[in-house]
Protein chains: 2
Amino acid sequence: MYVLFEGIDTAGKSTQIEKLKEIYPNAVITQEPGATRLGKDLRAILLEKELNISAEAEIFLFLADRAEHYAKVIASNKNKLIISDRGFVSGIAYALANNNAIDLEFLIGMNGFALGGKMPDKIVFIKIDKTLLQSRMSAKSHDKIEKRGIEYLLKVQENMEKVLQKTSIEYIILNAHESIESLHAQVKKFLKLDMESDND
Amino acid sequence: MYVLFEGIDTAGKSTQIEKLKEIYPNAVITQEPGATRLGKDLRAILLEKELNISAEAEIFLFLADRAEHYAKVIASNKNKLIISDRGFVSGIAYALANNNAIDLEFLIGMNGFALGGKMPDKIVFIKIDKTLLQSRMSAKSHDKIEKRGIEYLLKVQENMEKVLQKTSIEYIILNAHESIESLHAQVKKFLKLDMESDND
């Protein structure tokens, strides 16, 4: 089973993935971007500010990372539990936040191609409200994307929800305000992993 | 005017572009891939054989190169004569030669997005037959793609023709057997540049 964890920075994805890892040590834990050797090279390129890469080229670089991630990590582990920190939902949500004139169906089509037609089986989406986001963001150092600001991140989050509504993938929306344990219980129930003794 | 020169290796594109450059010194001469800083980085990545990049990721890397080339070279010179050695026609033709299950319309759509909807105005396609291709190939050193062989290149050439037939862009098909001067005369006539005194 291929599961995406989606949500903007500070929503709590990593914490929930760590909790799952404790009970499913055989799960394949991965992330986008940068999980493959190509992905690491592309990540370095994306962080070179003086390149000032065009928005369209940036979208294709993230798609290249996604395609490589699918080919090298997802496809070869398809019989295992695969937990990915971000995936195509983030890809589309950021692309739309940078240019909302791009057709959503077209973006989904390109992502489907990157994923060899194998979309994730389930998506856990952790949603955070503005107040909590501001509070958590002020406590951490800001990377390139975070510097674009709170409103930008909220726009990305809104786009993530649009993407979820557009595909037929099963998803759950969790509230970042809830306790780590409460969220973990909901994740386990959604993934129906609490009944299983092993995952591969 | 944005003009593409297309054709497989040894067809004679570079020679014809050189001839045009002599009479139009103000023309912007460019090529794909690798004309931008991002393009050079991507070219280096694409040549790293040990990365063994997946076919889909490779397609997206070429699209990223194309998008960046459009943004940094084509868009900013749109009032000049722009002559590009290869472009989206090669991109699609190689993608299909590597995997003929990919939908041609979808590939054209992704390329249109990379080009910001601004497809080339005219395409000069130089076609070469098997005998001449074999003779010319045997005389030069083979790079990565050329090593895939004569049959592969002929398949790419066939795909190039399919792409030309599918878009509404004006094109001319030239015969690589003809003399350099004869081809040059046909190119000038097709581009209607023989009547103009300047090009920008």
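# A guided tour of chains A and B

Counted over all chains, this structure holds 22 salt bridges. Keep in mind as you look around that the model is predicted.

**Stop 1: a pair in chain A.** Select Glu151(A) and Lys130(A). They form a salt bridge, and their closest N and O atoms are 2.5 Å apart. This pair links distant parts of the chain: Glu151(A) belongs to helix α7 (residues 150-166) of chain A and Lys130(A) to helix α6 (residues 130-138) of chain A, 21 residues apart. Now show the surface. Glu151(A) is partly exposed, with a relative accessible area of 48%, and Lys130(A) is partly exposed too, at 37%.

**Stop 2: the pair in chain B.** Next, select Lys130(B) and Glu151(B). Here a salt bridge is formed with the closest N and O atoms 2.6 Å apart. Distant parts of the chain are linked by this pair, with Lys130(B) in helix α6 (residues 130-138) of chain B and Glu151(B) in helix α7 (residues 150-166) of chain B, 21 residues apart. Lys130(B) has 37% relative accessibility and counts as partly exposed.

**Stop 3: a pair within one helix.** Stay in chain B and select Glu68(B) with Lys72(B). These two form a salt bridge, the closest N and O atoms being 2.6 Å apart. Where do Glu68(B) and Lys72(B) lie? Both are in helix α3 of chain B, four residues apart, or about one turn of the helix. An α-helix has 3.6 residues a turn, so residues three or four places apart point the same way. Is Glu68(B) buried or exposed? Glu68(B) is buried, with a relative accessible area of 2%, whereas Lys72(B) is partly exposed at 34%.

**Stop 4: the buried side of a helix.** Move to chain A and select helix α2 (residues 37-47). Color Leu38(A), Gly39(A), Leu42(A), Ile45(A) and Leu46(A), which are buried. These residues lie on the same side of α2(A) because they cover an arc of only 120° around the axis. What covers the buried residues of α2(A)? The cover includes α3 (55-74) of chain A, together with α2 (37-47) and α3 (55-74) of chain B.

**Stop 5: where the chains touch.** Show both chains and look between them. On chain B, 28 residues are in contact with 28 residues of chain A. About 2400 Å² of area is buried between the two chains, and carbon and sulfur atoms give 76% of it. Select Leu51(B), Phe60(B) and Phe113(B): within chain B they lose the most area to chain A, together 28% of what that side buries.

Stop 6: Two salt bridges are found across the interface of chain B and chain A. To see a salt bridge between the chains, select Glu48(B) and Arg37(A), whose closest N and O atoms are 2.8 Å apart.

**Last stop: the elements of chain B at the interface.** Select α2, α3 and α5 (104-114) of chain B, the elements that give two or more residues to the side touching chain A. Which of the elements gives the most to that side? α3(B) does, with 11 residues. Color that side of chain B by residue type to finish: its residues divide into 18 nonpolar, three polar and seven charged.

Conventions
Residues numbered from 1 in each chain as written. Chains lettered and ligands numbered in written order. Predicted model: local features only at pLDDT ≥ 70, side-chain atom pairs only at ≥ 80, totals over all residues. Heavy atoms only, no water. Buried < 20%, exposed > 50% of the residue type's maximum accessible area, 1.4 Å probe, protein only. Arc of directions from axis to C-beta. Contact = heavy atoms within 4.5 Å. Salt bridge = Lys/Arg side-chain N within 4 Å of Asp/Glu carboxyl O. Buried area = accessible area lost by both parts, 1.4 Å probe. Nonpolar A, V, L, I, M, F, W, Y, C, P; charged D, E, K, R; others polar.
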